[in-house]
Protein chains: 2
Amino acid sequence: MARQQSQPRQDLLTSAMVSFWRHGYRGVSVGDLVRDTGVSRSSLYSDYAGKEALFCAVLDHYQTQVVTPLFGRVEAAGAGLPAIRDYLRAAIVGEAMPERGLRGCLVCTSWTQVDVGEAEVVARLQSHAARLSAGFTAALTHENTQRGAGLTPEALAALGHYTMVAAQGTWTYARFADGAEELHTAADALLDHLERALG
Amino acid sequence: MARQQSQPRQDLLTSAMVSFWRHGYRGVSVGDLVRDTGVSRSSLYSDYAGKEALFCAVLDHYQTQVVTPLFGRVEAAGAGLPAIRDYLRAAIVGEAMPERGLRGCLVCTSWTQVDVGEAEVVARLQSHAARLSAGFTAALTHENTQRGAGLTPEALAALGHYTMVAAQGTWTYARFADGAEELHTAADALLDHLERALG
DNA sequence: TTTATTCTGGAATGATCATTCCAGTATTTT
DNA sequence: AAAATACTGGAATGATCATTCCAGAATAAA
C-alpha cells in the first residue's frame, strides 16, 4: 500500500522518535528505522537527506509532541512553583514504562551521543536546554514577584538555569535508575530547594 | 620496541581513558585506541578480551586515578559541606580544557551510551553513582551532626542522592556548556541548597 | 649464543552500517 | 483506460568496525 504525500507523515516521526528515545541516536540504525516505522528505506531517503536530517526532524517533533504538552504549563503566563512541581511529577510518571524500565529524556540521551561536528543536532539540543532554562526562570520570576521574595533577576536566572541542569541530571540518571520512586525523591529535593530559595 | 609485561601498562589505560573521556565509549574505535595509546592491536587483544573488557578496565582506572583524587576529600572522615564545595570547584576546574571545551565526566558521558546488555559496564556506572551518593550522604550526615541540624537519616540519604543526581546533571551538561562559568553558577546553586537544608 | 617469550605491523575476515539505485507495484490524476 | 506520480522491496556499494591471525622483530632467559 503506497502512502500519500499530501498527508504529513506524523506516524513516521512518532515511530522514529520512540526508537531514538529508547536506544539513542547512535543505537538506532536506518535498518531499525525501516522496521520500526514501516516506511521503506527508499521513502525515508526521499523525504529526508539522511539519518542526521531525520533525527533533526524527530527532535523538532519531540518538542511539539512531548516537551510542549509537559513543559507548556511552566511556560504559560502566570505559572509559578506549582507548575514546576506538576511538570516534574508528570514527566516522571510519563517516563515510567512497565516493560523496558525508564526512558529518560530524548534530549538528555542524545546530549552525550552526538559529536560536536553534528552542528544541526547540537543546535537543537542547546535550544532545548535554553527553552527549559528560560521557562523555569520565568516561572520562578513570577513566583518571586507574587511572594515578594525579593530575588534579583540575576539570582532568578541562575536558579532557573540550575533547575534545568538538575532536571537534566534526573532524566539522564533515569536511564539506569532503580525505579520511578528514586526520581520522585530527587525531584522533591529540587522542589524543596526552590521553595526555600523563594522562602 | 617490545614492552615488558612485568610492568602494568598504566600508560595504556591512561591514554585509553583520555580517548574515551573525550569522544565517549561509542565514539572511539579500536583503531583510534591503537593510534592514541601507541600499543599495537595485537597487544591490546592479548591483554584484554575485547573493547568492552578494556573499557571496564578504563572505568576502574578512572575511579582510582580521577575520582578518588577529586572525591576522596568528600569520603574522608570528618568531611562536611566544605569538602563538597571543594570537590565541585576542583572538578569544574579540572574539566576545563582550553582547546576542546569541556569534557564532562567519563561516567556521565558513558551513562547514555552503553546498552543495557553490556552488564559489566552498567554495573560499574551504577557503582560509581552509588559511590558518590554514599560519599555525599556521609559528608552531609557529618555536617548535620556538627551543626545539630536535626535531619533524619532518611532525609540525609535523600539529600545525598539528590546531590549525586544534580552533579551528574552538571557534568553531563558540561559537554555543550558555554564555559566553566556556567558550571560554577550551577554548582553554587547546589551548594546554596545544601547550606539551606542544613541551615 | 641459543632458545623462549613478548610485542609489532599489517593483512584478512566477517559483520554492520549509511546511502544509492532500480525494476516493479500501487495509487492518483487526466 | 492511460499517463503520471508515489511508494516498495531488495540488491548493490563503499565505508567502518571489532576481532583474528601470522610472520618477523625485539627482548629476555638459558
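How are helix 4 of chain A and helix 7 of chain A oriented to each other? Before I answer, please keep in mind that what we are looking at is a predicted model.

In general, two packed helices are described by the angle between their axes and the distance between the axes. Here, helix 4, which covers residues 51-75 of chain A, packs with helix 7, residues 119-147 of chain A, at an angle of about 5 degrees, and their axes are 10 Å apart. Angles under 35 degrees count as roughly parallel, and therefore helix 4 of chain A and helix 7 of chain A are roughly parallel to each other. If you want to find this contact on the screen, look on helix 4 of chain A for residues including A:F55, A:L59 and A:F71, and on helix 7 of chain A for residues including A:V121, A:L132 and A:F136. By residue type, the contact between these two helices of chain A divides into 10 nonpolar, 1 polar and 4 charged residues.

Let me turn now to where the chains meet, a contact that takes 31 residues from chain B and 31 residues from chain A. On the side of chain B that touches chain A, the elements giving two or more residues are helix 6, helix 7, helix 8 and helix 9 of chain B, and helix 8 of chain B gives the most, with 11 residues. That side of chain B divides into 14 nonpolar, 13 polar and 4 charged residues.

Finally, an unreviewed UniProt entry carries the annotation "DNA-binding region" for residues 29-48 of chain A. Over residues 29-48 of chain A, the model is 75% helix and 0% strand, with the end C-alpha atoms 15 Å apart.

Methods
Residues numbered from 1 in each chain as written. Chains lettered and ligands numbered in written order. Predicted model: local features only at pLDDT ≥ 70, side-chain atom pairs only at ≥ 80, totals over all residues. Axes fitted to C-alpha atoms, helices over the stretch in contact; angles between N-to-C directions. Helix = DSSP H or I, 4+ residues; strand = E, 2+ residues; numbered from the N terminus. Parallel < 35°, antiparallel > 145°, perpendicular 65-115°, else oblique. Contact = placed C-beta atoms within 7 Å. Nonpolar A, V, L, I, M, F, W, Y, C, P; charged D, E, K, R; others polar. UniProt positions renumbered as here; feature names shortened; annotations may be inferred.
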